[in-house]
Amino acid sequence: MLAAGEGRRVGHDTNKVLLPLAGRRVFTWAVRWATTLPHVSHVVLVIRDGDQDSVRSALARELPDTAVTVVTGGASRHESEWKALCALRPAIEGGETDVVVIHDAARPLASAELFRDVIAAAERYGGALPVTEQPALAPLHDGGAQVTDRTVAVQTPQAFRAEPLLAAYTAAEREGFVGTDTASCVERYTDVPVHCVTGDARNIKITFPEDLFLAERLLAKADWDLSAPESRVPHRRRLAHGERG
Amino acid sequence: MSIEHADLLCERCDRVTEHELHYAGRLLESVRCTRCGHQLSMTHRALVPAYLHDLEQRVASKPQRLYHRALRDPRGFLRTLPGAVLRQPAKFVREFWSLVRR
């Protein structure tokens with residue numbers, strides 16, 4: 001879970017993933033949904049240097065029953081991913097971890113279903129990333145001719161088989177390669193196919209101020225519950241049946 | 001009302017700038033770019049029903065949150081409970097006031 005930001009700092013220097021969103025910090029929402037899946041065994045949170053105290057207190061308050069390994073990230077997304085993989089190396093090399101899921105903590109509305117879909121696709125194909133169709137965008141060649149291929153927007157969580165992923169990042173570290181995202185590094189150093197799964201339009205990335213308003217409304221519309229559909233109980237029914245929470 | 005600050009991308013400045021965020025309860029009420037002053041606010045008409053819906057969820061989830069807190073740290077929970085209960089009315093009055101005075 002990447003919560004280190006992009007290294008751009010202005011003003012009060014507050015990381016947007018530490019903002020409150022419907023009663024929780026932005027970054028704890030996605031951890032919550034991912035860990036409702038029974039096969040998610042380790043959570044590594046990559047944070048920005050200086051955010052340690054805020055992150056630890058938010059974890060203690062909002063995810064008290066979830067074991068989260070906190071590591072300090074690097075100057076780039078690639079370096080943060082490398083540090084997360086180093087933290088997972090013993091579990092990967094020990095055969096405890098089959099698939100690694102990399103997610104941007106600024107996407108709090110990634111549902112358990114989306115995590116489950118990318119994990120299943122990564123197990124089957126080797127790598128998986130969620131995409132949403134972008135029919136309104138028209139990609140052009142350098143000469144101006146329109147590209148006929150479909151245009152998609154890529155989201156996170158992105159999942160990969162653990163061993164090739166670790167091998168790719170180890171090779172990238174050795175050669176000093178810095179990828180723009182996880183898939184670019186995997187594609188450069190392995191022949192693991194990366195499969196596209198259907199993304200979720202709700203899975204927005206908090207970038208602009210209006211994204212926070214939208215995320216709040218989408219969470220309310222989903223009854224503040226993005227767990228897998230089979231485990232969902234509407235809060236009104238929980239209230240009526242005395243099953244609070 | 002609580003106030004937070006964060007770095008977000010301002011559409012008008014076209015760069016990451018510091019923003020001041022105002023919350024009514026746990027709902028975001030307004031966001032202002034501290035560089036150019038560009039402000040986004042929820043309308044009163046939208047904020048009140050959203051607040052009431054949110055309040056219902058807060059009330060529904062409170063017993064379970066209290067229960068988990070008590071399990072984690074029973075002594076600390078018992079020590080802080082009276083103060084927390086006594087603070088609730090004033091907290092809700094402040095929240096309601098921030099809603100109606102807009």
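Predicted model: local features only at pLDDT ≥ 70, side-chain atom pairs only at ≥ 80, totals over all residues.
Me: Which strands form the open sheet with parallel pairing in chain A?
Reply: Three strands do, in the order S1-S4-S5. Strands (E, at least two residues) and helices (H or I, at least four) are DSSP runs numbered from the N terminus, and two strands pair if DSSP finds at least two bridges between them. S1 (2–3) and S5 (68–72) of chain A are the edge strands, each with a single partner strand, so one side of each has no neighbour in the sheet.

Me: Which helix packs on that sheet?
Reply: Helix H3 (residues 77–93) of chain A does, touching S1, S4 and S5 of chain A, and its direction makes about 145 degrees with that of S4(A). Contact between two residues requires C-beta atoms, placed from the backbone, within 7 Å. Axes are lines fitted to C-alpha atoms, for helices over the stretch in contact, and angles run from 0 to 180 degrees between N-to-C directions.

Me: At what angle do H3(A) and H5(A) pack?
Reply: The angle is about 130 degrees, with the axes 10 Å apart. H3(A) and H5(A) are therefore oblique to each other; angles under 35 degrees count as roughly parallel, over 145 as roughly antiparallel, 65 to 115 as roughly perpendicular and the rest as oblique. Residues making the contact include A:Trp82 and A:Leu85 of H3(A) and A:Leu166 and A:Tyr169 of H5(A).

Me: And how do H5 and H6 of chain A cross?
Reply: The axes of H5 (residues 162–175) and H6 (residues 182–189) of chain A come within 9 Å and cross at roughly 85 degrees. That makes H5(A) roughly perpendicular to H6(A). By class, this contact has 10 nonpolar, no polar and no charged residues. Ala, Val, Leu, Ile, Met, Phe, Trp, Tyr, Cys and Pro count as nonpolar, Asp, Glu, Lys and Arg as charged, and the others, Gly among them, as polar.

Me: Switching to S9(A): which strands are joined to S9(A) by bridges?
Reply: Strand S6 (residues 99–102) of chain A runs antiparallel to S9(A), with four bridges. Strand S7 (residues 127–133) of chain A is also antiparallel to S9(A), with two bridges. A:Ala159 is the bridge partner of A:Val101 and of A:Ala128.

Me: How many residues of chain A are in contact with chain B?
Reply: 26 residues of chain A are in contact with 31 residues of chain B. H7(A) gives the most to the chain A side, with six residues. That side has 12 nonpolar, seven polar and seven charged residues.

Me: What is the strand order in the open sheet of chain B?
Reply: The order is S1-S2-S3-S4, with antiparallel pairing. The twist averages 25 degrees from one strand to the next. Nine bridges join S1(B) to S2 (residues 15–24) of chain B, and B:Leu8 has B:Thr17 as its bridge partner in S2(B).

Me: Which strands of that sheet does H7(A) touch?
Reply: H7(A) touches S1, S2, S3 (27–33) and S4 of chain B, and its direction makes about 170 degrees with that of S3(B).

Definitions and conventions. Residues numbered from 1 in each chain as written. Chains lettered and ligands numbered in written order.
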